[in-house]
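Biologist: Please take one part of this model and walk me through it closely. Then show me how the rest is laid out around it. Keep it simple, as I am new to this.

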Amino acid sequence: MVSIKTSYTKMKELLGKDVTIEELDDLLAFAKSEIDDYVEEEDMLVIDIKTSIRPDLWCPEGMVREIKGILEQEAGIPEYEVKKSNYKVIVDPKLATSRPYIACAIAKNLNLTDYSIKQLMQHSEKIDNSYGRKRKRSSIGMYNLSMIESPIEYKVIDKSHKFVPLEHEEEMDLPTILEKHEKGHEFGDIVKGYGHYPLLLSANGTTLSLPPVINSDDVGRITEDTKEFLIEVTGTNYETVNVVLNILCQNMVDYGSDIYSVEIIYPPEIRKENEVTPLLKKETIIVDLDKINRDLGVNLTPDEVIAALRKRRFECKATGKSELEVEIPPYRKDILHWVDIVEEVAIALDYNKIGATKWEVITTGGLLPETESENKVRSILVGSGGIEIFSNILTEPEILTTNVNLTKVDLVKLQNPVSSTYSVLRDRLFPLLINVLSKNTHETYPQLIFEVGEVVKILGKRVLTQTHASFGFAGAEASFEDVHKRLHMMLDLLDTEYKIEPISHPTFTEGRSGKIIIAEKTCGIIGEIHPSVLELNQIWVPVVVFEIQLPSIPTLNCKKKFTD
Amino acid sequence: MSDLEDKVALPPEAIKLYKRISSLKEISMKELEKEMQLDRGKMEYLLSFLISNALVERTTTVNQKYILTDAGKQAAEKGLIERLIVTALLNKQSLNFSELAKILECNKQEMNAGIGYLKKLGLLQIIQGKLSLLDEKIEINEAMQEVLKELSKGNEVDITQHQKELIQRNLAFVEEIKDSILKIIIPYSKSKSMITESIDKSRLTPAMIRNGSWKTTKLRSYNLDGDPPKYYPGRKQPYAQFLDEVKQKLAALGFQEMRGPIVELEYWNFDALFQAQDHPAREWSDVYRVANPKLGKLPKEKHVKLVQKSHEDGYDTGSKGWRYKWSPEKSARLVLRAHGTSVSARTLVGLTVPSKYFSISRCFRPDTVDATHLSEFNQAEGIVADPSITFRDLLGILETFALDVAETDKFLFKPDYYPFTEPSVELSVRDPKLGNIEFGGAGIFRPEVVRPFDIEVPVIAWGLGIDRLFMVKNGITDIRELFSHKMEWLRSAKMS
């Protein structure tokens with residue numbers, strides 16, 4: 001999901017009609033977008049765009065393009081003329097191993113306001129960040145054309161090369177920029193991975209930028225006075241680089257600008273032929289009318305499909321009895337398969353008007369035996385007076401270790417926890433019961449609590465998920481017997497024989513705790529919590545707990561679930 | 001204060017309790033419990049005589065206590081971040097961001113918060129990425145530091161000025177401490193003459209029944225007006241109970257339950273669902289990665305090769321695919337299940353047709369926990385596979401969920417995007433108070449998803465945000481309450 005900020009007033013201007021926030025939200029649905037927030041005092045809309053593969057929609061112009069199609073104010077692919085410029089970019093063969101592709105265009109007769117510059121920058125940033133994979137796959141640069149002379153060189157340069165990066169006053173060499181500049185911090189790793197420095201250089205010796213890190217402070221600064229722009233996209237993916245340029249050109253046209261092409265001189269190591277960008281040749285895809293009708297459950301004629309697709313800004317013509325050829329706008333590269341066209345037809349028909357059917361797929365439903373088994377145990381424990389608790393599977397290591405007097409526990413840990421409170425997966429439940437008891441010492445006793453839930457364990461090199469049940473009894477009168485009799489009755493009701501053997505365990509009092517054994521296998525623990533653990537958790541009444549692995553109870557139907 | 005009009009018979013222990021409360025005039029339940037060495041149950045029993053006869057009254061008090069969070073404890077010990085920044089800058093005059101971060105040994109977010117704070121006060125300037133002080137004022141936010149120090153020692157301290165900041169900066173949280181206060185209404189000295197010691201004839205004993213003495217004994221009438229002592233029966237957790245009900249409903253609609261592991265291969269979480277390996281949703285910020293072990297084993301079946309082909313060139317689907325070199329290593333990385341669709345993906349292996357499946361599974365995302373986000377949540381997910389099924393049927397299925405699960409006829413469909421379905425739909429429910437609430441999403445699995453598993457028929461994938469549904473139904477606004485460990489809520493939350 002991508003989120004942008006824009007002006008409500010400007011949005012209405014673009015649409016060419018007055019709409020309420022609610023009406024606008026309904027229209028934005030056709031551009032897979034919705035209003036997340038509206039700050040009336042600032043005239044500001046926060047709009048979420050749900051699709052991550054349509055960067056053309058991440059700006060008001062792109063959304064309005066879609067909406068105008070739906071409202072039948074415009075149809076088909078927007079066309080504009082591209083004039084030839086004399087500008088050339090010469091690409092260095094050394095870039096073949098690092099960041100080989102570039103696409104450029106020139107926009108003239110632009111009248112940008114401070115607001116539209118900010119909007120343009122917001123759009124570029126969103127594209128660089130998400131579609132451009134944080135500038136790794138592609139990044140955008142915009143420059144003041146009047147300071148640039150052709151041919152522009154896109155080349156590998158020595159690290160001693162110096163220029164003044166944006167927002168700074170002094171010249172710096174390239175390693176210094178990566179070290180010192182804010183953007184160098186953020187994106188410097190990309191360049192470091194290349195093993196050399198890519199640079200865009202004007203014929204007059206002026207540096208345009210160090211892609212994908214930072215523009216220079218003069219040529220690369222865009223203001224309201226800039227009337228002619230050079231737009232450039234570099235990257236590692238040929239298709240991405242070109243579609244991003246196409247999106248920007250379409251936007252510039254929507255701002256009222258004229259677009260001029262730039263010739264890219266590629267060395268044979270990168271591409272066999274030179275190119276003139278933007279590349280606006282339209283891709284086509286063949287779709288079968290019968291398949292569209294079958295998938296959607298409708299009965300459309302070829303003309304209806306053509307009209308629907310034109311509403312969605314495609315061009316379309318019948319090429320056979322039930323065959324249609326669809327032309328894709330050059331600012332879209334998300335059409336991978338004809339099912340993508342099926343969705344476009346459905347959107348044009350309007351999901352809320354197409355008609356939901358009384359569907360019928362007759363199958364027998366049911367709960368898994370695991371769930372039924374867990375429910376049996378839960379109902380026995382509720383009958384034993386237990387209050388069920390629901391705790392996090394992702395938890396704090398201390399709760400599972402030091403809080404219950406354990407040190408070496410083999411827990412599944414996360415590489416990227418947001419906080420240590422949620423950084424390991426629970427491997428057992430009773431420490432969480434202790435934690436719950438420690439938070440409720442002001443409530444009346446006795447407190448009888450239980451949880452039946454999944455835990456995660458490491459077994460050799462494998463990881464498994466299984467369900468445990470744990471029951472705890474806290475109160476002035478709590479005794480081993482209180483909990484033992486409940487465990488005993490639970491297993492008796494489940495028709496399972498067990499025995500308890502004494503155990504020495506740091507959480508429990510010696511001589512008052514044991515391991516639960518079923519069919520010669522240890523599968524649980526029961527015992528009185530050691531006073532030192534109670535003291536540590538500030539629980540001032542005795543506590544007795546048991547915990548048992550449900551897959552070990554043969555009459556139940558619980559299984560260990562391995563990840564692989 | 002009135003005197004007793006009628007004679008009152010009390011058990012001897014109740015009289016003892018009455019005398020004690022009378023002599024103290026007022027005492028908290030907790031203190032009395034300690035002093036009399038009575039357990040709560042017995043105490044409640046005895047008090048019921050005193051309260052029902054209007055000798056003693058009981059009021060409940062709630063005290064708020066501020067408890068430091070880990071961040072708060074750290075700030076108490078090492079100092080508030082803004083103070084640390086000032087100290088660092090006083091020592092070094094000017095620093096860039098990374099130098100400062102190194103000195104402070106804290107995360108970027110925290111540091112930025114501190115910088116923002118100082119900028120707001122106009123004490124800090126940033127020129128060309130260098131931070132320096134505008135004013136050599138040393139003691140910043142001193143009062144707050146003092147409050148933290150006192151709180152960390154467990155001392156009482158006046159925090160009225162700081163409550164908001166403590167909570168907003170996540171330095172402390174509020175714990176409510178409840179207690180009951182017992183107050184004397186009629187002192188024992190005034191009612192003494194009217195009180196008699198009852199020989200507990202409230203009890204019908206087995207002996208009385210056997211020997212027939214019940215015929216000549218008058219059993220004392222109970223006071224039926226008063227509340228009985230508190231009693232908490234065992235019960236299911238309210239949210240777990242709701243999940244049980246959703247499961248029952250889905251089973252009744254003919255859906256078969258499925259399950260999967262919590263620690264999941266990226267293969268099932270992403271690759272099998274046609275999510276490209278450089279897709280932003282696969283980054284650190286969007287999915288939890290497991291540190292030990294880092295890698296699992298990919299399944300041995302042929303579908304792994306076909307999933308690879310699907311990504312690289314679209315396999316036999318006619319799709320362009322994502323056109324990159326697919327890496328089995330990335331696919332074998334272990335993550336915490338980020339969406340229930342991974343369980344659906346596993347079910348695609350050997351899928352029978354027709355079939356309908358569902359799962360309710362715990363899913364994990366690296367979100368900072370607050371009123372609207374949890375690090376883990378529950379998702380209802382599932383699939384429907386049938387040769388006849390169409391997009392309009394999919395809308396019909398969502399309609400059924402709105403009517404039968406969300407129990408509303410006010411809903412709306414919107415176009416949506418998932419990497420694994422096309423077409424994709426969002427189901428929104430219109431709530432009179434909250435507006436449109438996204439309740440579910442669905443779509444038809446892309447051919448690139450199902451073909452590697454040799455499936456020829458359309459498969460619908462759907463998901464429902466049941467956490468949100470439970471919250472709306474129960475008027476809960478803070479999602480953390482779903483996992484609440486407050487005994488009072490667990491014991492007394494109404495069954496809806």
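Modeller: Start with a definition. A residue counts as buried if 20 or more other C-beta atoms lie within 10 Å of its own. Keep in mind that this is a predicted model.

Now take helix 3 of chain A, residues 60-70. Nine of its 11 residues are buried, so helix 3 is largely enclosed by the rest of the structure. Which residues of helix 3 of chain A are buried? They are Pro60(A), Glu61(A), Gly62(A), Met63(A), Val64(A), Arg65(A), Glu66(A), Ile67(A) and Gly69(A).

What covers these buried residues? The cover includes strand 1 (2-7) and strand 2 (33-39) of chain A. It also includes helix 1 (8-15), helix 2 (21-28), helix 7 (238-254) and helix 9 (302-311) of chain A. Just after helix 3 of chain A comes Glu72(A), with a positive phi of about 60 degrees.

Next, step back to the whole chain. Chain A is split into domain 1 (2-70), domain 2 (82-277), domain 3 (295-349) and domain 4 (369-562). Between the C-alpha centres of domain 1 and domain 4 of chain A there are 51 Å.

Chain A also meets chain B. Here 85 residues of chain A are in contact with 88 residues of chain B. Several elements of chain A each supply at least two residues to the side that touches chain B, including helix 6 (182-194), helix 8 (289-296), helix 11 (369-383) and strand 22 (447-459). The largest share, seven residues, comes from helix 10 of chain A. By class, this side of chain A has 35 nonpolar, 30 polar and 20 charged residues.

Chain B has its own division: domain 1 (8-65 + 182-215), domain 2 (70-172) and domain 3 (240-492). The C-alpha centres of domain 1 and domain 3 of chain B are 58 Å apart.

Finally, look at a helix pair in chain B. Two packed helices are described by the angle between their axes and the distance between the axes. For helix 4 (residues 70-78) and helix 8 (residues 142-153) of chain B, the axes come within 9 Å and cross at roughly 110 degrees. That makes helix 4 of chain B roughly perpendicular to helix 8 of chain B. Their crossing is left-handed. Helix 4 of chain B makes the contact with Gly72(B), Lys73(B), Ala75(B) and Ala76(B). Helix 8 of chain B brings Leu148(B), Lys149(B), Leu151(B) and Ser152(B). By class, this contact has four nonpolar, two polar and two charged residues.

Definitions and conventions. Residues are numbered from 1 along each chain as its sequence is written. Chains are lettered from A and ligands numbered from 1 in the order in which they are written. This is a predicted model: local features need pLDDT of at least 70, side-chain atom pairs count only at pLDDT 80 or more; totals for chains, interfaces and linings use all residues. Domain bounds come from an automatic or database domain assignment. A residue is buried if 20 or more other C-beta atoms lie within 10 Å of its own, exposed if 12 or fewer, and partly exposed in between; C-beta atoms are placed from the backbone. Helices (H or I, at least four residues) and strands (E, at least two) are DSSP runs, numbered from the N terminus. Two residues are in contact if their C-beta atoms, placed from the backbone, lie within 7 Å. Ala, Val, Leu, Ile, Met, Phe, Trp, Tyr, Cys and Pro count as nonpolar, Asp, Glu, Lys and Arg as charged, and the others, Gly among them, as polar. Axes are lines fitted to C-alpha atoms, for helices over the stretch in contact, and angles run from 0 to 180 degrees between N-to-C directions. Angles under 35 degrees count as roughly parallel, over 145 as roughly antiparallel, 65 to 115 as roughly perpendicular and the rest as oblique. A crossing is left-handed if the near helix is turned anticlockwise from the far one by less than a right angle, and right-handed if clockwise.
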